[in-house]
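Hi,

Here is the structure I promised to pass on.

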Amino acid sequence: MNRIERRLPGRASVIGALAIGVAISTLYAQAPAGPQQAIDAAFNKYKTLKEGKNADYIPALAKVDPNLFGIALVTTDGKVFSAGDLKTEVSIQSISKVFTMAQVIQEQGLESVEKRIGVDATGARFNSIIAVEAVKTVVGTGAPEMNPLVNPGAISATSMVTGGTSDAVWNKIIGFHNDAAGRQLRVLQDVYKSESDTNQRNQAIGALMLAYGYIKSNWPQAVDLYTRQCSIGVNAKDLATMAATLAAGGKNPVTGKQVMDAAKVPGVLAVMATAGLYDDSGKWLYHTGLPAKSGVGGGIIAVSPGKFGIAVISPPLDDAGNSVRAQRANADISNALGGNPYAPRK
Ligand code: DON
């Protein structure tokens with residue numbers, strides 16, 4: 001068992017959760033700020049915070065500098081604001097799940113993902129096998145209570161990307177990520193190798209997803225392409241641009257390219273809102289109102305629809321597998337800027 005799953009029964013994160021809650025709640029009272037001011041304030045507030053621990057079940061992630069801290073915000077009219085490290089790339093990890101889900105939705109429609117994988121939170125850890133077992137009986141009899149942002153659903157979504165060969169499918173996956181980021185991204189080969197050597201759990205999940213009908217054929221290819229997409233290198237500006245593409249109705253606000261149909265974006269954001277931070281998604285939404293997605297590489301993107309996308313990179317994670325500093329900085333910045341879509345308009 002890896003660290004994440006091993007911690008499932010004894011998750012002693014109540015104190016941490018309260019700390020995040022208190023830290024975030026105090027911000028509701030903040031005076032309105034401009035984006036740069038809000039970013040600088042969050043950067044200075046959290047730059048010395050040392051809580052959390054790098055993911056280590058993928059050995060390459062344990063070697064990433066835990067002090068790395070970068071913040072970027074891209075508005076829906078293409079303005080970029082930032083603080084800290086914007087150059088260093090980390091592996092995108094689970095944030096890629098959003099864009100592969102988006103690609104499948106774009107290509108095959110909103111119903112395709114809902115029917116094959118489901119759009120319901122599992123309430124379980126991102127790599128839970130128990131969650132797969134719990135929903136297996138409903139496959140074929142109705143929408144499964146799964147979603148494309150946990151590993152089983154994400155591997156299944158990757159298997160849905162069409163293409164005659166593994167290379168053809170990969171070119172579509174990386175191409176969609178490139179369009180959302182606005183530049184040519186590359187795979188961090190050390191992470192890809194490290195995860196490929198140690199992803200027996202995801203292989204088991206891939207085989208189970210075939211057995212239960214979510215994946216139609218060739219689960220090893222789906223797991224391999226999923227592992228590769230998780231190893232794409234991104235910096236904070238890349239991630240913020242990807243988030244802003246969703247905030248701007250599927251149009252990359254920096255390059256102007258329409259990456260997906262605006263009408264399909266709300267479906268993507270809905271799954272992010274309900275499952276983007278796994279079993280802590282409800283708590284996150286309660287405090288920010290924002291669709292978001294975390295990755296065990298340390299990144300978190302958050303989307304304020306019609307306004308901006310924010311990304312924060314900081315590798316140390318909490319027990320749920322979400323970056324500690326990225327959650328806090330993202331929440332502070334959005335709340336300071338009135339980013340919560342459920343808040344009354346001023
Ligand atoms: O499959 C995995 O375990 C990783 N490639 C991705 C997990 C992840 O990022 C979960 N996010 N918080």
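**Salt bridges around Arg183**

Arg183 and Asp238 pair up through their side chains in a salt bridge, at 2.7 Å from N to O. (By salt bridge I mean a side-chain nitrogen of Lys or Arg within 4 Å of a carboxyl oxygen of Asp or Glu.) Arg183 sits in the loop between α9 and α10, while Asp238 belongs to helix α13 (residues 236-247), so this pair ties together parts that are 55 residues apart in sequence. The helix and strand names are DSSP runs, numbered from the N terminus: helices are H or I with at least four residues, strands are E with at least two.

Before going further, a word on the source: this is a predicted model, where local features need pLDDT of at least 70 and side-chain atom pairs count only at pLDDT 80 or more, while totals for chains, interfaces and linings use all residues. Residues are numbered from 1 along each chain as its sequence is written, and side-chain values use heavy atoms, with hydrogens and water left out.

Back to Arg183: its side chain also meets that of Glu89 in a salt bridge (2.9 Å, N to O). Glu89 is in the loop between β2 (80-84) and β3 (90-91) and Arg183 in the loop between α9 (166-181) and α10 (189-198), so here the parts tied together are 94 residues apart in sequence.

How exposed are these residues? Asp238 is buried, at 4% relative accessible area, whereas Arg183 is partly exposed at 32% and Glu89 is partly exposed at 22%. (Buried is under 20% relative accessible area, exposed is over 50%, and partly exposed is in between, with a 1.4 Å probe and protein chains only.)

Another salt bridge links Lys264 and Asp261 (3.2 Å, N to O). Lys264 counts as buried at 19%, and Asp261 is partly exposed at 36%. Through shared partners, salt bridges join Glu89, Arg183, Arg186 and Asp238 into one network. The total comes to 15 salt bridges.

**The nonpolar cores**

The largest nonpolar core has 76 residues, and Phe99, Leu239, Leu246, Val268 and Met272 touch the most other members. (Such a core is a set of buried Ala, Val, Leu, Ile, Met, Phe, Trp, Tyr and Cys residues joined through side-chain atoms within 4.5 Å.) Helix α13 supplies the largest share of this core, 8 residues. Apart from this core lies another of 21 residues, including Ala38, Ile39, Leu49 and Ile310.

Cheers
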